[in-house]
Structure formats: C-alpha cells, structure tokens
Amino acid sequence: MRRFKFKRETLLAYSFLSPVLLFYLIFLMIPVVFSVLISFTDWGGFDFASMKWVGLKNYRTIFSSQSSFLNPIMTNTFVFAFGGVAISFIAALIISYLISRMRYEGLWRTLFFMPAVTTVVAIGNVWYYMYNPTNGLINGIITSLGFRSINFLDDPNHALLSITAVSGWMGIGSAVLLLSAGLKGIPNDYYEAAELEGAGHLRQYTKITFPLLKPTILFVLITSFIGGLQSFTLTMVMAKSGGPGNSTNVGALEMYNQAFSFGNWGVASAMAIILFFVIFIITMAQLLIFRKGGVESY
Amino acid sequence: MKSNRAPWYFYVIIIIGSVMMVFPFLDMIFSSFKSASEYALLKYRLLPEHFIFSNYRMAIEELQLLLLFKNSLIRSVSITLVVLITSSLAGYVLAKLRFPGKQVIFSFILSTMMFPAFLFFIPNYFITVHFPLVGGNDILGQGGEGGLAASMLGLIVPFSVSGFGIFLMRQFMISIEDAYLEAARIDGAKELRIFAQIVVPMTAPALATLAIFEFINSWNEFIWALLMNSVNSNLATLPVGIQMLKSAIDPTLTQPLVMAGLVIATIPILLLFIFLQKYYVRGMMNTGLK
Amino acid sequence: MKMWKRVLSGSLIVALALTTAACSGSKDAGGSSESGKKVTLTLLSHYNGSNEAALKPYIDKWNQENPNIQVKMTPVDFGELLKTIMTKQSAGQVADIMHVYTLWGGQLAKNNVLAEAPQSVADDVTQNYPEAAVKGASLNGKVFGYPTEVEAYGLFYNKKLLKEAGYDEPPKTWDELLEMSRKIEKKDANGKVLVQGFGFQRGYAGLVVQPFMAMMASAGSGLLSDDLAKSNLDSDAGRKTMEFYSKVYGKNGITDIAFNTTKGFGAGQVGMTIGAGWWDGSLKTLMKDAYTDVGEAPMPTPDGGAGGTLAYTWAYGVNSKSKHQEEAWKFLQWMNAQADDSGMTPEGQFLLDAFNVISSRKTDLSSAKVQEKLQSSPSAKLFSDALNNALDEQSPAAGTEAQDILYKQIESMWTDQIQMDAALNNAHTQINTKLGEK
C-alpha cells in the first residue's frame, strides 16, 4: 500500500514537471553542448556541410595579441558591470533608507522604479539625445552654467562611463525595492531605543541598519554584478557596435556582432564560453566569500 | 508609525532624485512633438516651439502600429500565462510532493538562474528556426520557412519556463499547510483538482506578482525579438519596430517619429505598472528576491 | 479577495486551452499559399519609410499587370539588412529578390546566397551600365543582378559660409580645403563650435569609411589590391589619406569631433563635408529655403589635378534558394530594363523620385526627362558625371569586417587613443590578416 502510493506520487510529480524538464532539455542542455561544439569549428551559420573543425583556433584568435577581446572589450565589460552596480547600489542604499522614514514611501518607490519597467530601447534613445553635445539637455545645463560642453558619447574617455551611468540610473529602482524589503525586516524598536540614547541618523544607520541589512546587500550586489556582465542592449542602442573605436564595446555585444553581422559563429561561440567561465568563477568566488562572511542562505 | 521622523533635508534629497528619474520621460514626451528641423537646432529647449501632432500620425502609419501592438500583446499575454502554468505546476511539485530526484531537480533549477542568457543565444536561435515539424520543417528540422520563427511561437516558446518563477512559486507554496491538502486527499479529490481548486487560489498573490513581472519583462524584451524580426518581419514587437524606424542612414529625419513611437510603447506599460504596483511590490518584498 | 482567487484559477485553466489554440492556429499562418499558378515573390530591401512609399506605385503597377506574379515588399532598415539576409537564409525564410549593398557581395557569395544572372541579364548589364556599377554587381567576374543606386562621392559645401569667409569657389586641393575650413570655423569663448569649417559625417562604418575610400581614390588608389588579397593602405595614397584624416579631428584637428556634421550641415552651420549623391535629396527636404545655399563639387585631390572618387553600388539579385527564380528575373527585367512611354525604366523613375538621383543606366540617361534634369540640376549632373571616373567599392568575403577594422582605427585616431602611424599600421595588418583568413 505504502509502496503503491509512493510510486503514484513519483509518477504524478514527474508528469507535472515534464513540461519544465523538456524545456530545459531543449533550450538549455542541448544548447550548452551545441555551443561548446561550434566553438571548435569554423562555421558561417548556414548548412552543417560547411562546418569545419578547427580545434582551438578560435580560442587562439581571441587570446592573440592582435585581438581586442581582452583589452579593451573585457576590461570595458568589467568597468560597465562594476560601475553600474556601484552607482545604483550606493544611490539605492541612501534612497531606500530615506524613504523608509518618509511619508508616501510607495509614491517615491514607484518614481524610482519607473526606468525598470521601461524598454531599454526607450531609455537608450532618450539618453542618447540628452547626451547630445550640440543640443542635448545635459550639455544645455552645463553650457548655461558657463562650462565647456562635454562630448559624452563621442569622447572615448567619457563614452563608457556615460553609458555606465545610464545603466546605473536604470538599476536604482530594483535595488531600492530589494533593500526596502530588507529594511522592513528590521524591527522599529531598535531605532526607538537608539533614538532614546540620542543616536543621530548617521549613527543609527551605521550601527543598526547596515549590519542587519548585510545579507540583502550581498544578494543585491551579486545578482546585479552578474547581470551587468551579460548585458549589452543598452550599449547596442546607444553606441551601435560599441564605438567610438572599441571604447564602449562589451563582451556579449562583440559576441552578438561576430555571429550575426560577420557570420563568425565559431568565434562567437568561443567568446560566449569564455564569458561564461568568467561569470562562473566570479559567482563561485562571491559565494565563497559570503560563506566565510557568515551569510549562509545564498 | 513613521510620522514626521524624517527631517526636511530627506525630502530635498528625494525630490531632487525623483526629478532626475522623471525628467528623461518628460524629455521623451515633449520631444515627440518637435519637428525634424527643430532637432537640428543648436540650442536645447525642453518645450517644443509648436506642438506637432503629425509625428504621431506618421509614426502610427510607418510603424504599422496596430500589428506591433498586437504582436507585443499576444506575446506578453501568452508568455505570462504559460509561465504561470509551468511555474505553479513545478513549484507545487517541488514544495509539496515527495519523490526521488527532487533535491537534484530543485538545485538544477536554481542553477539555471545563474547561467548567462547569451550562452544560449546562438544555439537557441538555431534550434528555434530548425525546430522539427513546425513552420514547414521536416522531422530533422530542415526545409521549412523558419520553424518556430515562422509564427508567433518563435517569440513565445523560448520563454515558456522561468527558473525565477518556479522558485517564487515553490517558496510561496511551502507555506501552505499540509493539513488542507491531506483533508482534500482523504475526500478522494484528484491531485489535479487539489492543485487547481485549493493550491492555485491560495497562491493568488504570488501569481499576481509573477504575472506582472513576466508581462513587463516580455513586453520590454528586445534582443531576442530583434533576432526573430530579422528572420520573419511579421514578428516585430513594439521595441523592435521602433528601433527599426530609427533610420541608420538618415537619423535626423526620423528622430521625432521615434520619440512618438516610444511614447506609445512605454506609457501604457508605465500606467499598468503604477496601477498594479501594489501587488508587484508586495510579492517582491515577501520573497525578497528579484 | 475571493473574486481574485476565482478569476485567477479560472484564467489558468482557460490559459491552457488558449495556448493549445494559439499553437494550432498559428500553424496555418506559416504555410505558403499554393492556389493555382499564382506566385508571390518577396522583395527584401532597405527602402523603408518614405522610400518605401516612393517604390510602392511601381510595385503596385507590376502587380496589377501581372496577377500571377505578385511582388511583396519587405522593408528593413539599412543597419539591419545584412543580418536579416543572413538570418533569413539560415532559417529558410528565403526572400526571392534581394536588394543588396555590393560590399556584402563576397560574404553572400561565400555562403552561396545569390544566384547567377541569366545570360540575357548579364549581357544587358555589361552593355548598359558604367564600369564601377558592373563591377559592383558582379562576383568573381560574373554578373549577379541589376545595379540600382550607383552613387559617387563628392564635396558638399555651403555657398553662404564660403562667401562670408571670402571664397567664391570650392577647394581643389586637400591643402586648400584645410586652409579654407580654418577660416570658416567659428567658436565661442568656451571653444564650442558655432560654425564648422569642414567635418566628416559619422555614425556607422560605411559613413566614415566610404569617404575615406573616395579620398584615397582621388589620390589614385583603391583601398585593396585588385585581387582583393591585400590592403593598399601602405601605399602613398593610403598614407596621405590617413594623414589628412588625422588633421580633421583630435588634438591636431581643425575642428571638434563632438559637433554633429550631418545635423550641422542641414542647419547651415557647416562649411564643407563629403557626401554621396543621394544626400542632396535629403537636404532639400530638410533645409527647405536654405537649400539654395548648398553647393556640390567633385572630390578635391592631393595636388589639384584630375582625380577619381568612389562609387558604391546597390543591386537587385535573386536568391539561389528561391523556388521562383524565373519569375523573379522576369520582374527584375521589367523593373530595371523595360522603358515605358517616357523612355525611362521604373527603377530610373524611382531613383529620381526618391533621391533626386540619376540612374546609371544608359537607356535612362538618354531619355528626355533625364536630359532635362541634367540641364536644370547641376547637382544631378555632377554626381552622374562623377561615375565615369569612379572606382568601385571592393567586396571581398571579409568586406564588412575590413571596413569595420578601418572604421575603428580611424575613430580611435580621431579620439586621440592612438597616433596616425599606429592607426595606419593596425588597419593595414589587421585587414591583411582578415583577407588572408577567408
């Protein structure tokens, strides 16, 4: 009897799970194997007959001294991911704390969340025009204050940071939401007690808020950093193929262009796999650090 | 509870911050009423010289807006519904049933969230267009006119399961008391009925959160839709159609139209979010995860 | 709250039914119609927006006259067209007729996308078009289709701004050009450019690299060797052109790269720039009355002597995988070679309507309407004449990549990331490597 029930439950479980498992087989397991295989070939993406096994040649091309993949493309990728996280995180840390003590918390949160529900195509285009050196909003303000206008997107010294700033701006809302959730978990008594002892806002923040918020903070940091390493839509909308030169080009965008613009599917797949390992190593390293720091739950 | 504890400078900082958030949206709206020659002017002005409404008419004509809107809507609604189904089924199984391999499957699903999407981009494109037995393909995926990409399926199927969705539903369902389910089982109810009549209604708040999340994400998704559009131009969604309107050769002439198109694409989803944000925010906060 | 739950659980079940319905419903949409002998040809081109509207009457006319061969336009923006051709091809969503930019020829040939033209078409093309156009529409010496937009590069200038600086004539040599532009340029106290003397248009690889090739041609050399095996950047012409480029933007530049030359010229704030013939039509629309200030001249040369320019070519070709190749050629012959009462081909009329550009086809050139146009519009005549001593844009299999390399090196030089010598050497060696690979 017991045995029968057990079997029935197993059968039921797997039949409920079957669409999900089938999906992962087709759109995740097979693709991974496929990607690894293509990365060792020279292939234009058309028929399989024209596929040529070339061993490690694609990887050698990517790591060769002539290649721009490691520098500047991968360097840009890290600057972009790290910069975006830093901007959105620091802003969110301040904003979530402030609005948690203010009236109309929901209203403020909605305002900061607006970019997160807007398509990147809109954000990229609007900022592209706000950055315009001749008649964009930002330079309008800068020049009316008497300064020289800045070539945000045309000067390779500013272009990457300009796009990174937009990415940070976009990310504030989600970070605020998560941090607000963390803040809600901190009992109000702590603050009341601290206030009775005469602690100011800054002191309350460093002594109570920050330590108790640590798990949420780490979670926000890790997920948005990984997200930043993979993202390329904003760069594509604002700087097309990552110009001027390669100064805003990021790894995933280069991979996309290699595959779909130049038809170098082998090289593109090799890039995807290299990027994957980079992200994998970073994730593992972060998990390790978290464990050591006493955050077990992630 | 939070009375007047916030000093005035809190408000000053937040209001300045909010202006920085809202301003680009205002700029987009006002720009959509400017003329092409006003774009070529050297001086920035927020408000247009004359409000030109014809940008909207032209954008709607040149964009085939109805088609784009229809595609975006069908896509977002379908993905949302399918994800709700797959997530709640899998979430239920992983939360409430005992069976061999459960732990492995759960860890696997968690790990899928760590995989970067672009790793699958190239092979998934290939699988989608050579999917067997759809869009005229034979059993080997050859000979057809684009496989899944021959129809809206190409925009939907590759998004039909969400690791995040499964995780969210499982977390929520774990808190359902086993006693409810046991009682129903003793009454002789079939498992599917228990699922549909007891479990699903109890998880309504989580489903609402997931639905909003999926709807917005699939409405805004760009890269995959762009690729599907190049295979089959009937599949253009709003973001893709608008980006296409922006002419690479002569951007000055098309820019105001692009802005008008963007207003049409973003304002409905913004309003939808503002209207439903209560459900979204509550759900996100309860799971503490995005 | 109860209502909520009902609605949700109900909709989940409806959803299941809906998805099944959606799956079965959409299958029909993908299938092709096979009613009788009627054939529908898809035509993939970069004519979108107003250009699409200009092309449509001709397509409609054909469709009306040929009920059994219907042509359906699929417009795609230029920036996406190559990617679209490639992805469509690999997905089996084959477009029967493709309007291709001949730079892509090598890449398309490598993947066997284009069909060879029938002998009658090939003969017609070689007899009726200028050499740069025939070369553009050929692969490995074999014609693959009809050249359409064959556009030469020239100098665009603003008569009013030149006059204000004391010049009545556009420059003949590169040095004159630089000297004049220094005089025309005006900056405010902060160094912000108010009026630009000379600037290059920027934004994507072709927009930067084509004028480069046009200047190199005016100095007497193509970008690549004739066998397409190697870069000519190390030649005298290559070095001179790169040197000229380094003098326009960057630390030693005469003007500021942030100033948008395309916009600025349209607003009457740029003295001179390089552009292709079609831009004239665009400026006319944009500038309205101020268009009378626009002047056009042949490319200046290093020493003021007679020199060449570059002409790029677009061409209609037929997909090698199309099931209706015969019908596709029939349509293309009508479109490109069959003159109506006015003596012009539909394509020739379209080019005139849409871009104010003169067709490069000889039969169109001799028609009354074109002759009249050449008399009345100096711009049309200038760009039409320029085709006679224009080099074609070479199209090796790695054509887009070679242009991309040169583009990125030029931009890096303009933004002071590298010196001129480095830009020249990098571009030269990297292009050679790419050409060797394929």
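Start with the boundary between chain C and chain A: the two bury about 2,600 Å² between them, 50% of it on carbon and sulfur atoms. (Buried area is the accessible area, taken with a 1.4 Å probe, that two parts lose on being put together, summed over both.) Select C:Lys83, C:Asn190 and C:Lys408: they supply 20% of the area that chain C buries against chain A, more than any other three residues.

Before you go on, this is a predicted model, where local features need pLDDT of at least 70 and side-chain atom pairs count only at pLDDT 80 or more, while totals for chains, interfaces and linings use all residues. Residues are numbered from 1 along each chain as its sequence is written, chains are lettered from A and ligands numbered from 1 in the order in which they are written, and side-chain values use heavy atoms, with hydrogens and water left out.

Stay at the boundary. Here 31 residues of chain C are in contact (heavy atoms within 4.5 Å) with 30 residues of chain A. You'll find 3 residue pairs in polar contact, both at pLDDT 80 or more. (A polar contact is a pair of N or O atoms within 3.5 Å; within protein, one must be able to donate a hydrogen and the other to accept it, and residues adjacent in sequence count only if both atoms are side-chain atoms.) On the chain C side, colour helix 3 (78-91), helix 18 (399-414) and helix 19 (420-437), the elements that give two or more residues to this face. (Helices are DSSP runs of H or I, at least four residues, numbered from the N terminus.)

Next, pick C:Glu80, in helix 3 of chain C. Is C:Glu80 buried or exposed? At 15% relative accessibility, it counts as buried. (Buried means under 20% relative accessible area and exposed over 50%, with partly exposed in between, using a 1.4 Å probe and protein chains only.) Its side chain makes a polar contact with the side chain of C:Lys83, at 2.8 Å. Not counting residues up to four places away in sequence, C:Glu80 touches B:Leu226 and B:Met244.

Now hop to B:Thr86, in helix 4 (residues 65-96) of chain B. B:Thr86 counts as buried because its relative accessibility is 7%. Look for the backbone oxygen of B:Ser160, 3.1 Å from a polar atom of the B:Thr86 side chain. Leaving aside neighbours within four places in sequence, B:Thr86 is in contact with A:Pro19, A:Val20, B:Ser160 and B:Val161.
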